[in-house]
Amino acid sequence: MFFQFEPIGEENTFQEFCKDLFNLLYKTQSFQGYKTKGAVQYGVDIYSTEFNIVLQCKKKKLLRSEKSIERELIADFDNSIWLLNDFPFKFNKFILISTARKFGSVQDYAGKLAQECNFEIEYWSWEDIEPLIIQYTELREKYYPHLYQPVQIVPKIITYIPKIDENEIIGRDTDFKKLQTYLDESKKGLIINGIGGIGKSTLAKFFINKYLNNFDHIVWIDVENSSMNDDFDELILIESFTNNPILINNLDIKFTEDISLESKFQIILNKLNNINGNNIIVIDNAPSQIGNYENEMPGLPYWKVLLTSRIEIPNYKSLSLDVLDEEDAILLFFKYYTIEKNDILRTVLNYIGNHTLTIELLSKTANLRRITLNELASKLKAEGLNMSPTASIHVAHNINRKAVRPFEYLLSIFSIFKLSNEQKEILRYFSVLPTQFFEYNTLKQLFNIPENDNDFFEGLKDLVANGWIKEENGGYKTHQIIQEVLRFKLLPDEENCEPLIKSITNLLSFSDQESYISKVPYLTIAEHLLKYLYTKQVRFISLINNVAALNDYNGNSKKALYFYNEIIQFIENEDCNESEVYYIYVNIAVCYLRLGEYEKALKFNLKVVEYVENELDKDYLKLAMLYSNIGENYRFLGNIRKSLEYMLQAIKIFETYIPNMKCPELAIVYNNISNTYGILENRKMSLKYGLIATELRENILVDDHPYLAQSYNSLAVDYEKLGHFDKSEEYHIKALKIRAKIFTSDHYDLAESYTNLGTLHRAKGEFKKAIDFHLKSIQVRENIFPSDHPEVSKAYGIIAEVYLSMQDYANAQKYFTLTIEKLEKKRNAINPYIALFYCNYASLHLIQNNLLEAKNYINKSIDMFNVLFEKSHPDVKVAAQIKEIIESKISKAKNFGNPKTIGRNDPCYCHSGKKYKYCCGKNK
């Protein structure tokens with residue numbers, strides 16, 4: 001057959017040729033001849049101990065029948081394998097190299113032998129060798145000098161290769177390993193995806209610099225980011241090649257003056273495609289238009305293609321980069337910032353979402369301007385990334401190599417020029433949402449998307465493909481840095497985001513029949529909208545009221561009050577909807593109740609009831625609920641008689657004006673009446689109204705509604721007081737199951753369940769369980785209330801009583817003391833729990849024979865009980881009995897000249913300086 005390079009005809013020369021060929025292939029000099037002809041060679045002509053490969057070179061006379069050569073080669077294999085059994089060196093592969101053509105039967109025989117041996121076996125023909133002669137000019141120049149013609153040698157580094165120090169790479173070990181694996185696996189090429197400034201280019205630079213010697217030829221193409229249109233992007237891609245003088249010079253291309261840019265581009269790509277070897281081309285910041293040249297781009301078998309881009313490009317394997325984890329982000333920040341180390345940095349990093357480029361920009365600026373980390377955190381909170389002071393700094397990310405101001409540079413790398421108006425609207429809405437993943441249907445609700453949502457879906461998909469939005473498991477979000485850039489460029493306000501404001505206002509609304517828990521996920525969204533869009537306009541009143549009410553219901557009353565204070569003055573000075581004002585005042589009163597500000601709560605309740613009572617067309621449902629709320633208010637203020645009076649008035653209104661109305665509001669009133677009778681220790685009446693409330697709620701509320709848990713809790717308390725412990729525990733468990741399910745964080749209702757379960761176990765004599773539940777209750781209350789809140793002191797008082805029952809007087813004293821400290825801050829408070837606390841504290845002093853202290857606290861208790869209850873109330877009777885015992889002991893002590901019982905080793909009360917047992921107590 002015809003060969004471009006005829007097989008070498010001299011045996012020794014062929015062996016030398018094979019040695020040179022394999023040293024070139026493996027980039028080594030370890031392939032050496034083994035002994036000389038005539039010596040015992042064990043079937044080996046050339047071997048390499050570095051790669052554990054042995055070769056036998058068989059120059060064949062080709063002017064014979066092919067059948068003879070074929071049989072001879074098979075015999076050569078048999079003979080060589082037999083001789084190799086005694087070869088003294090370790091090897092993994094045996095190759096028989098021949099000047100003959102490729103025989104399929106010989107290849108099959110080599111494969112069969114390999115299955116029987118513990119090493120690889122290959123057959124190389126001249127057809128396998130000839131392409132390598134074309135590839136390696138060294139072989140052509142040495143063995144075919146008569147055919148050798150000098151050609152343009154393309155250098156290894158065909159273009160400028162950006163340098164990078166290995167120490168500059170922080171936190172990308174896993175991504176780097178994936179890059180290596182993915183690049184080997186990819187057929188078309190690999191694309192490193194991620195938002196702008198996240199480290200795509202840096203990772204590509206690191207890879208090329210680390211593995212520079214692994215490639216025969218390397219091309220690096222920088223593509224500038226375009227702010228124009230798709231056609232301009234394609235032009236920039238083409239010009240990145242055609243305007244690169246180093247690339248054109250090293251490829252030895254000469255263009256005629258009249259040739260088009262497109263033709264120049266095609267010639268360059270063709271020239272690259274014709275360069276053999278193990279080569280790589282990197283295109284940094286590749287636009288989507290690179291897909292138009294998929295077939296023309298360099299590729300396998302000689303080229304690997306590595307792209308970096310924010311956008312998705314079809315047919316390329318993708319490696320997606322995410323932000324740095326917190327610890328790596330800290331390391332990167334302190335690489336450039338040397339002034340101080342402070343844990344407040346975590347707040348800074350959280351604000352910028354661990355964005356790689358922004359970390360570099362902020363750290364260099366702060367270091368240059370000598371800004372402390374506390375100052376940096378404060379400035380970011382107050383001013384955002386467009387903060388002052390600033391400075392021009394150099395960043396490796398900038399291909400123009402000019403100093404930049406941080407925020408201006410971030411604005412430049414996130415261009416919105418090519419976005420459609422519809423896409424801008426979507427991104428404007430995203431810019432004021434929390435940085436979290438939103439399900440597609442949730443976005444449709446928020447953005448008020450019609451039933452025909454095809455355009456919205458396509459717009460969202462395009463924004464994902466172009467790197468503006470991240471999609472994961474059907475959820476969508478955008479990064480904090482992109483959000484801040486978008487807020488600056490798209491200027492979201494109450495006008496252009498009105499559909500979003502209306503949607504979230506409606507989503508936060510709920511009736512008493514609904515469980516507010518289902519609305520909690522929208523709370524963070526609403527607070528973000530208010531942060532970026534709020535102005536003192538009527539359109540925001542409903543939204544702020546809903547946000548405040550939901551925070552209050554969800555256990556964050558202090559935050560709720562902040563939002564209420566935002567609108568109180570505003571609604572009083574503006575012409576607002578009267579119904580809206582009513583609900584706001586009612587909600588504010590409830591909020592003050594939860595905060596323990598009972599007088600302020602009553603002020604707002606009375607203000608609203610006066611307005612409703614004077615209406616010409618009275619809303620009796622509103623009036624009934626207001627009476628119930630005022631009754632609750634008086635109960636917390638300790639005026640139990642007035643509390644019951646208002647609540648019974650509420651029931652009378654229902655019976656008179658709304659007789660057939662089975663509604664959640666009526667259940668609320670019945671539950672409040674039950675609680676009030678409970679304070680009066682009228683457990684039968686408390687249970688009666690509690691059962692009515694529970695039945696109503698079970699019929700109209702969902703199974704996990706917090707009001708249903710409230711009813712179960714009230715019933716449990718009543719059953720416990722009536723001695724039905726098993727039934728009490730059953731209802732307590734029901735209430736706790738609902739509350740534990742719906743409250744994912746600390747909440748007052750959880751604390752209430754823990755307290756009442758503790759009280760139940762105390763009544764059963766199970767003091768250890770009681771203490772455990774009371775400690776849980778205290779922990780929750782301390783987490784959600786200010787330290788001087790009545791509910792905190794109440795919890796301390798209750799656990800003190802348990803320790804008193806256990807005769808653990810040290811712990812009883814500890815918690816009684818804590819309660820006293822808190823009560824002194826609320827000197828005018830009158831409350832059944834406080835009265836009972838004073839009574840129990842008097843009992844502790846009585847047990848310890850501190851009779852004057854006991855008398856002081858029992859008098860406080862009785863004075864308070866006399867205001868709260870009739871003399872027939874059980875607590876009043878107990879307090880009177882304790883007072884009688886205290887006074888009796890004091891009377892007896894006075895007979896000894898001292899109102900306090902003296903220990904025998906105490907100083908005598910006559911001031912003699914002697915111990916009592918050696919003085920006045922000597923004969924007693």
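Colleague: Let us start with contacts. Which residues does Asn52 touch, not counting residues up to four places away in sequence?

Modeller: A contact means heavy atoms within 4.5 Å. With residues up to four places away in sequence left out, Asn52 touches Lys90, Phe91, Asn92 and Lys93. This is a predicted model, in which local features need pLDDT of at least 70 and side-chain atom pairs count only at pLDDT 80 or more, while totals for chains, interfaces and linings use all residues. Residues are numbered from 1 along each chain as its sequence is written, and side-chain values use heavy atoms, with hydrogens and water left out.

Colleague: Where is the place of Asn52, and is Asn52 buried or exposed?

Modeller: Helices (H or I, at least four residues) and strands (E, at least two) are DSSP runs, numbered from the N terminus. Asn52 sits in the loop between S2 and strand S3 (53-58). Buried means under 20% relative accessible area, exposed over 50%, and partly exposed in between (1.4 Å probe, protein chains only). Asn52 has 17% relative accessibility, so it counts as buried.

Colleague: What is the order of strands in the open sheet?

Modeller: Strands of a sheet pair through backbone hydrogen bonds, either parallel or antiparallel. Two strands pair if DSSP finds at least two bridges between them. Here 5 strands form an open sheet in the order S1-S2-S3-S4-S5, and the pairing is mixed. Strand S1 (32-33) and strand S5 (120-124) are the edges, each pairing on one side only. S1 is joined to strand S2 (residues 46-48) by 2 bridges in the antiparallel sense. Across that pair, Gly33 stands opposite Ile46 in S2.

Colleague: How many residues of strand S9 are buried?

Modeller: For strand S9 (residues 303-309) the count is 7 of 7, so the strand is largely enclosed by the rest of the structure. Trp303, Val305, Leu307 and Ser309 point one way from S9, Lys304, Leu306 and Thr308 point the other way, and all are buried.

Colleague: Which strands pair with S9?

Modeller: Strand S6 (residues 190-193) pairs with S9 in the parallel sense over 4 bridges, and Ile192 stands opposite Thr308 in S9. Strand S8 (residues 279-284) also runs parallel to S9, joined by 5 bridges. In that pair, Ile281 stands opposite Val305.

Colleague: Now a helix. Which residues of helix H14 are buried?

Modeller: An α-helix has 3.6 residues a turn, so residues three or four places apart point the same way. In helix H14 (residues 373-383), the buried residues are Leu373, Leu376, Ala377 and Leu380. Seen down the helix axis, they fall within an arc of 100 degrees (taken from the directions from the axis to the C-beta atoms), so they line one face of H14. Their cover includes helix H11 (326-336), helix H12 (345-352) and helix H13 (356-368). After H14 comes Gly384, with a positive phi near 80 degrees.

Colleague: How many residues does the largest nonpolar core have?

Modeller: A nonpolar core is a set of buried Ala, Val, Leu, Ile, Met, Phe, Trp, Tyr and Cys residues joined through side-chain atoms within 4.5 Å. The largest one here has 179 residues, and those with the most contacts inside it are Phe207, Leu376, Leu433, Phe447, Trp468 and Ile469. Helix H24 (residues 578-594) gives the largest share of this core, 10 residues. A second, separate core of 42 residues includes Val792, Leu823, Phe837 and Leu851.

Colleague: What does the side chain of Ser861 reach?

Modeller: Ser861 lies in helix H37 (residues 851-868), and it is buried because its relative accessible area is 0%. Its side chain reaches the backbone oxygen of Ala835 at 2.8 Å. Ser861 touches Ala835, Tyr838, Cys839 and Ala879, not counting residues up to four places away in sequence.

Colleague: How many disulfides does a search of the whole structure find?

Modeller: A disulfide is a pair of cysteine sulfur atoms within 2.5 Å. The search finds 0. For Cys57, the nearest cysteine sulfur is that of Cys18, 3.7 Å away. Cys57 counts as buried, at 5% relative accessibility.

Key
Polar contact = N/O pair within 3.5 Å; in protein donor to acceptor, adjacent residues only side chain to side chain.
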